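Please look at the sequence and the three-dimensional structure shown here, and keep both in view while reading the report that follows.

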Amino acid sequence: MNYELTGTVKLINEVQTFASGFTKRELIVTVPDGNYPQDISLDFLKDKVELLNDVAVGDEITVSFNLRGREYNGKYFNNLNAWKI
């Protein structure tokens, strides 16, 4: 499923590299939502981590992402995997 959101960059975490060679970088975007803005966490995976090189805290951006869900030990998790800025 493809989605898009627009907001202000609040935080850009460092790149995480795992033993398998897999890389991940997390971006937090603040999205206005009435009286209570929402801080949304998006993951940039593999070669997409490079998309964050030209992004700075405070920038207004639009991010395209896929919504992914999975089950692990009877609990369910969702991830927002970004692929375009």
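## Two exposed loop residues

Lys46 is exposed, its relative accessible area being 54%, where exposed means over 50% relative accessible area, buried means under 20%, and partly exposed is in between (1.4 Å probe, protein chains only). Lys46 belongs to the loop between β4 and β5, and its phi is near 50 degrees, a positive value in a residue other than glycine. The strands named here (E, at least two residues) are DSSP runs, as helices (H or I, at least four) would be, and they are numbered from the N terminus.

Asn73 sits in the loop between β5 and β6, and it is exposed, with a relative accessible area of 64%. Phi of Asn73 is near 55 degrees, which is again a positive value in a residue other than glycine.

## Where the values come from

This is a predicted model, in which local features need pLDDT of at least 70 and side-chain atom pairs count only at pLDDT 80 or more, while totals for chains, interfaces and linings use all residues. Residues are numbered from 1 along each chain as its sequence is written, and side-chain values use heavy atoms, with hydrogens and water left out.

## The chain as a whole

The chain has zero helices and six strands, and from the N terminus on its elements run β-β-β-β-β-β. Taken along the principal axes, the box filled by the C-alpha atoms is roughly 35 × 30 × 20 Å. Of the 85 residues in the chain, 28% are buried.

The accessible surface of the chain comes to about 6000 Å², with 48% of it belonging to carbon and sulfur atoms; such areas come from the Shrake-Rupley method with a 1.4 Å probe, and for residues only the protein chains shown count as cover. Among contacts (heavy atoms within 4.5 Å) between residues at least 6 apart in sequence, 45% join residues at least 24 apart.

## The nonpolar core

In soluble globular proteins, nonpolar side chains tend to be buried together. A nonpolar core is a set of buried Ala, Val, Leu, Ile, Met, Phe, Trp, Tyr and Cys residues joined through side-chain atoms within 4.5 Å. The largest one here has 16 residues, of which Leu27, Val29, Leu42, Phe44 and Val63 touch the most other members. The elements that give two or more residues to this core are β1, β3 (23-31), β4, β5 (60-72) and β6 (75-84). Leaving out residues up to four places away in sequence, Val29 touches Leu5, Gly7, Thr8, Lys10, Gln38, Asp39, Ile40, Leu42 and Ile61.

Leu5, in strand β1, counts as buried at 11% relative accessibility. Apart from its neighbours within four places in sequence, Leu5 is in contact with residues including Val29, Ile40, Leu42 and Val63. Leu5 and Ser64 are 59 residues apart in sequence, yet their C-alpha atoms are 6.8 Å apart in space.

## A buried leucine in a loop

Leu52 is placed in the loop between β4 and β5, and at 2% relative accessibility it counts as buried. Not counting residues up to four places away in sequence, Leu52 touches Ile12, Arg25, Leu27, Phe44 and Ile85. From C-alpha to C-alpha, Leu52 and Glu14 are 10 Å apart in space, although 38 residues separate them in sequence.

## Charged side chains

Side chains of opposite charge can pair when their charged atoms come close. The structure holds one salt bridge, a term for a side-chain nitrogen of Lys or Arg within 4 Å of a carboxyl oxygen of Asp or Glu. It joins Asp39 and Lys10, whose closest N and O atoms are 2.7 Å apart. Asp39 lies in strand β4 (residues 38-45) and Lys10 in strand β1 (residues 2-12), so the pair ties together parts that are 29 residues apart in sequence. Asp39 is partly exposed at a relative accessible area of 43%, and Lys10 is partly exposed at 46%.

Asp43 also lies in strand β4, but it is buried and has no salt bridge, the nearest side chain of opposite charge being Lys24 at 4.1 Å. The side chain of Asp43 makes a polar contact with the side chain of Asn79 (3.3 Å). A polar contact is a pair of N or O atoms within 3.5 Å; within protein, one must be able to donate a hydrogen and the other to accept it, and residues adjacent in sequence count only if both atoms are side-chain atoms.

Notes:
Lys and Arg count as positive and Asp and Glu as negative; His and the chain ends are not counted.
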